[in-house]
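Please open the model in a viewer and keep the selection panel at hand.

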Amino acid sequence: MNNAKVLAFAGSARRDSLNKKLSRVAAERAKQAGLDVSWIDLRDYPLPLYDGDLEAEHGIPDNARKLRALLDQHQGLIVVSPEYNSFITPLMKNTLDWISRRDGDVDGLASFRNKVALVMSASPGGFGGMRSLALIRQLLSHLGVTVLPEQLALPKAHEAFDDNGALKDEQLQNRLDGMVQRLAQVLRNWS
Ligand SMILES: Cc1cc2nc3c(=O)[nH]c(=O)nc-3n(C[C@H](O)[C@H](O)[C@H](O)COP(=O)(O)O)c2cc1C
């Protein structure tokens with residue numbers, strides 16, 4: 001049987017994004033758990049702020065189409081959500097909004113249905129961005145994604161990674177491993 005395919009990304013375009021670092025670690029550990037993982041950087045898929053007039057005049061932007069095509073090729077998602085003012089980032093919301101739009105005969109929501117996701121967050125603060133987790137969970141669930149109950153909020157994330165980008169805390173690493181193994185197990189039995 002082929003390994004299940006998982007798309008991993010973070011809701012920050014920042015070069016030194018802590019959430020991107022966490023998404024890279026999660027992607028790496030998911031590979032070791034036997035998943036076939038694609039890691040993407042949303043910086044490579046810039047999109048205008050959603051505007052219904054823009055959509056009516058120019059249609060769905062190419063980058064939204066590319067992201068949708070990527071989604072279609074994967075059964076699993078690892079979504080790492082930074083927290084701005086106790087919320088998900090505008091980049092995360094805008095990206096998911098564009099992908100969810102109908103494109104001619106293509107129902108945007110169809111790309112989200114029947115997917116399984118893990119959600120995580122990272123912040124220099126003491127709560128690790130955990131307030132954004134409830135919101136990204138709500139948004140993905142609304143889009144039709146099954147979001148696994150396991151989640152990780154990484155506090156003091158600016159101190160959490162070593163020079164190779166690995167998590168310094170072994171306990172956290174083990175927790176992350178447990179989460180990606182759970183994702184692999186669910187996807188093995190997913191139709
Ligand atoms: C507008 C704004 C609001 C923020 N609000 C929060 C917040 O509510 N909670 C939090 O933990 N961090 C907050 N932060 C700090 C971010 O967690 C921090 O900048 C983090 O590094 C952003 O994620 P990134 O490193 O992946 O880019 C905020 C940052 C910005 C720019």
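Select the charged side chains: the mean positions of the 24 positive and 23 negative charges of the chain lie 3 Å apart. Lys and Arg count as positive, Asp and Glu as negative, while His and the chain ends are not counted; each charge is placed at NZ of Lys, CZ of Arg, CG of Asp or CD of Glu.

The model is predicted: local features need pLDDT of at least 70 and side-chain atom pairs pLDDT 80 or more, whereas totals for chains, interfaces and linings use all residues. Residues are numbered from 1 along each chain as its sequence is written, and side-chain values use heavy atoms, without hydrogens and water.

Next, colour by secondary structure. The chain holds six helices and five strands, in the order β-α-β-α-α-β-α-β-α-β-α. These are DSSP runs numbered from the N terminus (helices H or I, at least four residues; strands E, at least two).

Now select residues 130-143, helix α5. Its 14 residues should span 20 Å at 1.5 Å a residue, and the end C-alpha atoms are 20 Å apart, which agrees; the expected span is 1.5 Å times one less than the number of residues.

Which residues of α5 are buried? They are S132, L133, I136, R137, L139, L140 and L143, buried meaning under 20% relative accessible area with a 1.4 Å probe, protein chains only. Display their cover, which includes β3 (76-80), α4 (90-100), β4 (116-122) and β5 (146-154); contact means heavy atoms within 4.5 Å.

Technical notes: Buried < 20%, exposed > 50% of the residue type's maximum accessible area, 1.4 Å probe, protein only.
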